[in-house]
Amino acid sequence: LPPFECDAGEVERFRREARTLAKLESEHSARILDVGTNSDGAFFFCRQFLEGVSLRAHLLAQGALRFEDAVLLLLQACEAVQECHVHHIVLRDLQPAHLFLTPRSDGATQVKIIDFGIAKLLRDRGTKDEGGESSSTVMFGMSASIPSGGIGTSATVITPGKLSLPV
């Protein structure tokens, strides 16, 4: 995140959110391994390297999942979402492209959330943008606004249902 492309508030929100994501321990969330600042002042984070393919790519190439596989992967994604909620992170745009299918050591497939895109830390609810709306993070280069009434964890609870539609 180059400092000349963002104001100090955006950089600080990104740092705080990256540190929060680094606390996630679920085997179904891609791990953040390092967070820091380069010598040129650019903020960075380093994420776990994974072998595999996104759920979206898999669905496009292979078609719908078997019901049993879809349920298992959906439950795994929900486990990661639950841990996000424990850390006050609401995922507002969880979709097949943000889920990655990767093999376990025993050869079974597991899912990991790899893109937290439009995420919101609930403790940042009071942060307002110039238009008077609470604004989400610049996390991973994405930004969006939400109504001033705010959101809660229920915004994510509905989302996993969208993931099961391609089955």
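Modeller: A search of the whole structure finds zero disulfides, a disulfide being a pair of cysteine sulfur atoms within 2.5 Å. This is a predicted model, in which local features need pLDDT of at least 70 and side-chain atom pairs count only at pLDDT 80 or more, while totals for chains, interfaces and linings use all residues. Residues are numbered from 1 along each chain as its sequence is written, and side-chain values use heavy atoms, with hydrogens and water left out.

Now to strand S5, residues 99-103. Strands (E, at least two residues) are DSSP runs, numbered from the N terminus, as are helices (H or I, at least four). Four of the five residues of S5 are buried, so the strand is largely enclosed by the rest of the structure. Buried means under 20% relative accessible area, with a 1.4 Å probe and protein chains only; exposed is over 50%, and partly exposed lies in between.

S5 pairs with strand S3 (residues 53-54) in the antiparallel sense, over two bridges; two strands pair if DSSP finds at least two bridges between them. Here Val53 stands opposite Leu101 of S5. S5 also runs antiparallel to strand S6 (residues 109-113), joined to it by five bridges. Pro103 has Thr109 in S6 as its bridge partner. Five residues lie between the strands in this hairpin of S5 and S6, where Gly107 takes a positive phi near 95°.

As for confidence, pLDDT is the predictor's confidence in each residue, from 0 to 100. The protein averages 74, and 66% of the residues score at least 70. Confidence is highest in S3, at a mean of 96, and lowest in helix H4 (residues 154-157), at 51.
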